[in-house]
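Dear colleague,

I am passing on the structure we spoke about, with the sequence alongside it. Please look through it first, and then read my notes below.

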Amino acid sequence: MKNIQLIVVLLCAVLGTGVFSSCSKFTKAMSDPNWRVRDKAAQKYYEEGDYYRAGLLWEDVVPIVKGDPRAEDIQFKYAYCHFYQKQYLLAAYYFKNFYFTYRRSPNAVEAYFMNAFSLYKDSPRTHLDQESTKEAIQAFQDVINTYPDTDYAKRASKHLDELRAKLELKAFENAELFYNLGRYKAAVIALENFQKDYPDAPQLPEAAYLRLKSEYDLAKNSIYSKQKERYEISKTYYFYLIDRYPESKFAKDAENIYDNIEKALRNIEKGEIIDTKEKKDPKKITTSEGSAGESE
């Protein structure tokens with residue numbers, strides 16, 4: 001038992017000495033006024049995969065080595081230090097800066113691609129703002145246009161499709177949210193924009209059905225004087241869906257809505273629908289934003 005305790009104590013002592021020694025070497029390198037000493041230490045940490053320490057050491061070196069033969073390699077690896085630490089926006093900035101500084105470098109194309117790839121890695125989930133996604137799309141497109149015959153162009157094309165699909169989903173989910181909130185007018189407009197902006201999106205059949213449903217619900221909740229017009233518009237949306245996507249899984253539900261539309265129109269012709277809103281309190285009917293105004 002005593003032997004085991006002795007081994008543990010010795011092991012801790014060895015590890016503690018190693019950690020202290022490592023910290024001491026790093027601190028010593030950081031405080032050295034000679035940038036070549038800091039560069040040499042950073043290179044060693046970089047090769048060992050310690051991108052945090054390598055980045056810290058190169059942080060002060062980068063601005064003062066411009067024009068030196070070491071500058072190109074340092075700036076390229078400095079960008080990768082940020083990338084490996086998942087600091088993607090910073091990585092994108094430094095890769096782009098490298099590319100426009102060293103256009104003739106053998107690493108220039110890789111840096112150009114890595115700028116786009118860093119933005120791609122920064123692209124958030126669909127429920128968040130997609131500004132990085134749009135920037136990544138443009139950056140990948142620039143890679144494809146500038147270096148069309150490279151492997152980087154092939155990789156860019158693959159990621160480009162993925163990012164476009166993300167924007168499509170984001171646009172559809174926004175339109176769907178308007179419907180779920182009862183903002184039927186806004187839902188119809190958003191769905192029409194979605195159909196126009198993404199003509200190859202896989203959600204198009206569902207978008208066509210949701211547009212029909214939005215216009216139908218808008219008609220149902222409208223004042224009497226606007227119901228007929230809105231039911232007629234709903235019918236055109238139904239025919240659009242059936243003509244474009246007759247085999248869609250939404251076709252049957254769309255037919256049920258169509259039957260209800262026809263029934264509603266017949267009742268309107270007979271004068272059987274009474275607009276309770278107008279009779280109860282016409283002042284409550286507004287044209288402001290929101291579901292109440294949209295239902296007018």
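Which are the buried residues of α8? They are Ala153, Ala156, His159, Leu160, Leu163, Leu167, Glu168, Lys170, Phe172, Ala175 and Tyr179, where buried means under 20% relative accessible area, exposed means over 50%, and partly exposed is in between, with a 1.4 Å probe and protein chains only.

Before I go further, a word on what you are looking at. This is a predicted model, in which local features need a pLDDT of at least 70 and side-chain atom pairs count only at pLDDT 80 or more, while totals for chains, interfaces and linings use all residues. Residues are numbered from 1 along each chain as its sequence is written, and side-chain values use heavy atoms, with hydrogens and water left out. The pLDDT is the predictor's confidence in each residue, from 0 to 100; its mean for the protein is 85, and 83% of the residues reach 70 or more.

Two stretches call for caution. Over residues 4–20 the pLDDT stays under 50, and the model has zero contacts there beyond four places in sequence, a contact being heavy atoms within 4.5 Å. Over residues 278–293 the pLDDT is also below 50, although this stretch has 19 contacts in the model beyond near neighbours in sequence. Where pLDDT is low, the predicted coordinates should not be read in detail.

As for the overall build, the secondary structure comes to 14 helices and zero strands, both taken as DSSP runs numbered from the N terminus (helices H or I, at least four residues; strands E, at least two). Buried residues make up 42% of the 296 residues in the protein, and among contacts between residues at least 6 apart in sequence, 56% join residues at least 24 apart.

What covers the buried residues of α8 includes α6 (108–122), α7 (131–146), α9 (184–197) and α10 (204–220). Just after α8, Gly182 takes a positive phi of about 80°.

Helix α4 is mostly covered, with 11 of its 14 residues buried. Among these buried residues are Ile74, Phe76, Tyr78, Tyr80, Cys81 and Phe83, and the buried residues of α4 pack against α2 (35–47), α3, α5 and α6. From its first C-alpha to its last, α4 reaches 20 Å, close to the 20 Å expected at 1.5 Å a residue. In the loop between α4 and α5 lies Lys86, whose phi is near 65°, a positive value in a residue other than glycine; Lys86 is exposed, with a relative accessible area of 62%.

Two pairs of helices deserve a look. Two packed helices are described by the angle between their axes and the distance between the axes. The axes are lines fitted to C-alpha atoms, for helices over the stretch in contact, and the angles run from 0 to 180 degrees between N-to-C directions. Helix α4 (residues 71–84) and helix α5 (residues 88–101) pack at an angle of about 160°, with their axes 7 Å apart, and are therefore roughly antiparallel to each other; angles under 35 degrees count as roughly parallel, over 145 as roughly antiparallel, 65 to 115 as roughly perpendicular and the rest as oblique. Residues of α4 including Glu72, Phe76 and Tyr80 meet a set in α5 that includes Tyr88, Tyr94 and Phe98.

Helix α11 (residues 224–244) and helix α12 (residues 251–270) pack at an angle of about 150°, with their axes 10 Å apart, and that makes α11 roughly antiparallel to α12. The contact is made by residues including Tyr224, Tyr231 and Tyr238 of α11 and Tyr258, Ile261 and Leu265 of α12. Glu229 is also found in α11 and is exposed, with a relative accessible area of 53%; the C-alpha atoms of Glu229 and Ala219, 10 residues apart along the chain, are separated by 8.1 Å.

Lastly, Leu56 has its place in helix α3 (residues 51–59) and, at 23% relative accessibility, counts as partly exposed. Leu56 touches Phe26 and Met30, not counting residues up to four places away in sequence, and the C-alpha atoms of Leu56 and Phe26, 30 residues apart along the chain, are separated by 9.9 Å.

With best wishes

Note on methods:
The expected span of a helix is 1.5 Å times one less than its number of residues.
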